[in-house]
Amino acid sequence: MSHFVFECNSDTYLDCMTHQVFASNTNWPLQVAQGDYVFLHHYETGVLLGLWRAKTNGARGLVPKLWRGRFPFQVMIEPAIARPQDVPREILTEFGINPSAGRFEGLLDASIGEKLANALLAQKS
């Protein structure tokens with residue numbers, strides 16, 4: 001199982017949640033397999049959110065008209081925990097991650113991705 005980080009901003013966040021789809025304008029989401037864990041980095045607020053599972057393999061144009069086609073490489077998602085939440089800053093700091101300092105998307109290092117996912121799974125109700 002792999003762990004991926006998608007990105008959003010204030011303009012795209014609501015569509016991600018409403019349509020339960022994460023996307024990119026580059027083709028790396030084609031690496032996402034059904035069942036992989038995914039996170040969402042809101043780069044304007046500097047928050048890393050989790051946790052979802054890929055409901056589909058990554059593909060091109062699953063919801064073709066969403067975002068007027070600007071982000072065609074997509075994966076359908078479903079919550080992996082009852083209510084996705086911010087990854088606690090102390091956990092991010094432990095792994096040297098500062099989502100406020102920049103942008104990142106794509107495949108997470110396997111050990112870091114697993115530890116972040118396990119931290120959220122341990123908190124689920």
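The following questions and answers concern a predicted model.

Visitor: How many aromatic pairs does the structure hold?
Guide: Rings of Phe, Tyr and Trp count as a pair if their centres lie within 6.5 Å. By that cut-off, the number of aromatic pairs in the structure is five.

Visitor: Is the pair of Phe4 and Trp28 stacked or edge-to-face?
Guide: The ring centres of Phe4 and Trp28 are 5.9 Å apart, with 15 degrees between the planes. Planes under 30 degrees apart count as stacked, and those over 60 as edge-to-face. The pair of Phe4 and Trp28 is therefore stacked.

Visitor: How many residues apart are Phe4 and Trp28?
Guide: Phe4 belongs to strand S1, residues 3–8. Trp28 is in the loop between strand S2 (21–24) and strand S3 (37–42). The pair thus links distant parts of the chain, 24 residues apart.

Visitor: Which residue has a side chain that makes a polar contact of 3.3 Å with the side chain of Trp28?
Guide: The residue lies in strand S2 and is buried, with a relative accessible area of 1%. Its side chain also reaches the backbone nitrogen of Thr26 at 3.1 Å. The partner of Trp28 in the 3.3 Å contact is Ser24.

Visitor: Is Phe71 buried or partly exposed?
Guide: Phe71 pairs edge-to-face with Trp67, with ring centres 5.7 Å apart and planes at 85 degrees. Trp67 is buried, at 8% relative accessible area. Buried means under 20%, and exposed means over 50%. Phe71 has 22% relative accessibility, so Phe71 counts as partly exposed.

Visitor: In which sense do S3 and S4 pair, parallel or antiparallel?
Guide: S3 pairs with S1 in the parallel sense over six bridges, and Cys8 stands opposite His42 there. With S4, residues 47–54, S3 has five bridges, and His41 stands opposite Leu48. The sense in which S3 and S4 pair is antiparallel.

Visitor: Which residue in the hairpin of S3 and S4 takes a positive phi near 70 degrees?
Guide: The hairpin has four residues between the strands. The residue with the positive phi near 70 degrees is Gly46.

Methods. Residues are numbered from 1 along each chain as its sequence is written. This is a predicted model: local features need pLDDT of at least 70, side-chain atom pairs count only at pLDDT 80 or more; totals for chains, interfaces and linings use all residues. Side-chain values use heavy atoms; hydrogens and water are left out. Rings of Phe, Tyr and Trp (its six-membered ring) pair if their centres lie within 6.5 Å; planes under 30 degrees apart count as stacked, over 60 as edge-to-face and the rest as tilted. Helices (H or I, at least four residues) and strands (E, at least two) are DSSP runs, numbered from the N terminus. Buried means under 20% relative accessible area, exposed over 50%, partly exposed in between (1.4 Å probe, protein chains only). A polar contact is a pair of N or O atoms within 3.5 Å; within protein, one must be able to donate a hydrogen and the other to accept it, and residues adjacent in sequence count only if both atoms are side-chain atoms. Two strands pair if DSSP finds at least two bridges between them.
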